[in-house]
Every structure is written in structure tokens, then in C-alpha cells.
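Trainee: I would like to go through the labels used for this structure and ask what stands behind each of them.

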Amino acid sequence: MIRSKLETLIPAGLGRLATLAARFRNQVKAHFSEINQRRLFWEKVLQGEVAELVFAKREGAAADLLEKQLLESDATQSAGEVYLVGGGPGDPELLTFRALRLMQQADVVLHDRLVSEDVLNLTRRDAERIYVGKERDNHTVPQEDINQLLVRLAKSGRRVLRLKGGDPFIFGRGGEEIATLAEEGISFQVVPGITAASGCSSYAGIPLTHRDYSQSCLFVTGNLRDGSVDLNWSGMVQPQQTIVFYMGLQGLPIICEQLICHGMSPDMPAALVQQGTTAQQQVVIGTIASLPDEVKRHQVKAPTLVIVGEVVNLHESLAWFNTDSVAVHG
Ligand SMILES: C[S@@+](CC[C@H](N)C(=O)[O-])C[C@H]1O[C@@H](n2cnc3c(N)ncnc32)[C@H](O)[C@@H]1O
């Protein structure tokens, strides 16, 4: 099975392409002093028009084109680029094709705590990895420094992967990072990822909307500044609406208390999903009155997501993933 899979991946003319590359190896080495420049050049050759000509058995034309590309390429300047990529909530199979391709291409990776080890392991093996932290209240590298680091690396000609958990544009500060790049005229692309709300709700069997129970869904940050509560609570307390709280673990008692104060029934179903989509996923089910105590009893580990709404009741019949992990009904 492995052999047949490999055969479908390896083009028949690969040996001939390698022979052509060997012929030009010393010339390319002499042209580019930096290994990164050589790598970029060879990737263009091996994945581009030259390779296609070889596979079409036109080695003469391929050699001419390779030589032309080499003479035309500027050995002193290679433009760097930044890929702002959403790594999803944890399960590596939830990556997009585009994310995976760019992860295999980048030569330096900036990642933070939310990116799962399994996802990180899919980046190029020889890429430099830079951990930029971001635990609650402990930003290993301040946001402004991350922005500047991206600029510096790209300007030095590197292809930089900024790998973020979930989706970069949902509570990910992705906008700030690319704003700095845009100001500096550095090219970048953004790849969406599966956000925690989507991943956790699917893997917990809790649809975020449902014709009978919920016609709208809010994504809200539960990261309460200095313990103070400045969210639009009355906007949240609406019939037939699901609310998803990101970063809501610390503030959970205040969140539940405020929802009740603003008129939500204390019996409103609520779920906390821990490490959603991973083998460690756990789901704690309760109501907004009981969930804070349930969570305290179960030593929950971050990251966690809180889902509030009638749809939570569907978990009982729709849970399909890791169902023998703890699903506590509080
Ligand atoms: C700074 S936000 C980043 C959100 C991310 N950009 C996204 O789209 O999912 C971090 C929060 O996302 C949520 N989160 C991320 N991954 C999660 C997971 N696998 N399980 C549960 N919650 C998760 C938690 O609420 C965590 O506190």
C-alpha cells in the first residue's frame, strides 16, 4: 500500500530531473552565496516550468530554461514573504491543503502555545522554529516585538510561517500582525483555519445553530479585563441564540452570574469543551447555574471553550468523538 501511494506521488521523470539538477549544481552554488537563496532557486526549478519540461521529455529545452533563470535571478536580493496560517484547534487533519503546503515551504516558523504539537510536526523538518509564547498573562514575546520580528525575517529574504491556533482572524490578533507587514510593503498571505468554536462544537456534537433551537450565534471573548465586565450582556441574552465564549475559563463564574443577572434562565444549558478535537478532549455539561462549580470539581485544563444555549442539550444524542472521555452532566 505504501509503495503504491509513493508511486502516485513520485513523477516518472524524477530521475532525469535529478540528473539535470546535478549538472547545474556547481553553477548554482557559485551564483548564490547563501543557502536560502539556493533553496529558493531550486524549489522554483523543481516545482516549476523546468521540471514540467523534463517530465515532458524535453531535457534540452529544460536545460536552456534553467540556465536562463539562473542568469536572470538576482543573487543579492530575494524577497521574503509571510504566511499567516490558521493551524486549527488541534487535530492536524483539520488543516487546509493550503496551510499544509505553506507549512512545508516556509524556512522559519513562529508559533505559540495554542498550536498543537501534532500540527507543528507537519512544518518543514529543517525549518527554524521560534516560540513566541502567549500564555494567559504571560506573553513570552510582546505583540509589537512579534510584528517587528516578522518584518525583520521577511526583509532578510526568509519565507516566514506565522502559525496560529484556530483561525488567525478570530481572536488571533492576525490583523495587527499583517497591518505592520502591509505598512512595510512586505508581501503576505492569510490562510483561514478552523476556529475553536467550529472544531469544538463539531467534535462535541453540539451544533452551533439549529432550526429548532438557535438562529444566531455569537463569538465572544471571555477575557475580562482586570476582572471587570464590559460586555454587551443584554445583546447576549436573546432567545434562540448560542453564545460561544473564547478564553472564558477564568471569568466563568462572572460570565454565568452576569448572564443570569441580565435575565437568562439559570437552567440554560452550558458546556465547557477542554482541548477540543484532540485525544484529550473532555466535555463538561451543566447549566449556567451549575457549570462554574462543575468545572472547579473537574480540574479542567486550558484551552477551553464555553458554549451556552439550548443546542447544548443535543450533545447527549449527537456526541460522536472520544465519547468515552468524561462527559459530566452537572
Ligand atoms: C487567543 S484565543 C485564539 C482563538 C483562535 N484564533 C481560534 O480561532 O480558535 C484562545 C482561545 O481559543 C479557545 N481555544 C483554542 N483552541 C481550543 C481547543 N482546542 N479547545 C478549546 N478551546 C480552544 C480557548 O477559548 C482559548 O482560550
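Trainee: Why is C256 called buried?

Mentor: Buried means under 20% relative accessible area, exposed means over 50%, and partly exposed lies in between (1.4 Å probe, protein chains only). C256 has a relative accessible area of 3%, so C256 is buried. Before going on, note that this is a predicted model, where local features need pLDDT of at least 70, side-chain atom pairs count only at pLDDT 80 or more, and totals for chains, interfaces and linings use all residues. Residues are numbered from 1 along each chain as its sequence is written, and side-chain values use heavy atoms, with hydrogens and water left out.

Trainee: How many disulfides are there by the rule?

Mentor: A disulfide is a pair of cysteine sulfur atoms within 2.5 Å. The count by this rule is 0 disulfides. For C256, the nearest cysteine sulfur belongs to C261 and is 11 Å away, so C256 is in no disulfide under the 2.5 Å limit.

Trainee: Is Q281 buried or exposed?

Mentor: Q281 has 2% relative accessibility, so Q281 counts as buried. Q281 is in the loop between strand 8 (269–274) and strand 9 (282–287); helices (H or I, at least four residues) and strands (E, at least two) are DSSP runs, numbered from the N terminus. A polar atom of the Q281 side chain lies 2.8 Å from the backbone nitrogen of T277.

Trainee: What label does S234 get, and why?

Mentor: S234 has a relative accessible area of 44%, which lies between 20% and 50%, so S234 is partly exposed. S234 is found in helix 11. From S234 to Q215 there are 19 residues in sequence and 17 Å in space, C-alpha to C-alpha.

Trainee: Which residues have the most contacts inside the largest nonpolar core?

Mentor: They are F245, L259 and V308, in a core of 21 residues. A nonpolar core is a set of buried Ala, Val, Leu, Ile, Met, Phe, Trp, Tyr and Cys residues joined through side-chain atoms within 4.5 Å. Helix 12 gives the most to this core, with 4 residues.

Trainee: What label does L14 get, and why?

Mentor: L14 has a relative accessible area of 38%, so L14 is partly exposed. L14 is found in helix 2 (residues 14–31).

How values were computed: A polar contact is a pair of N or O atoms within 3.5 Å; within protein, one must be able to donate a hydrogen and the other to accept it, and residues adjacent in sequence count only if both atoms are side-chain atoms.
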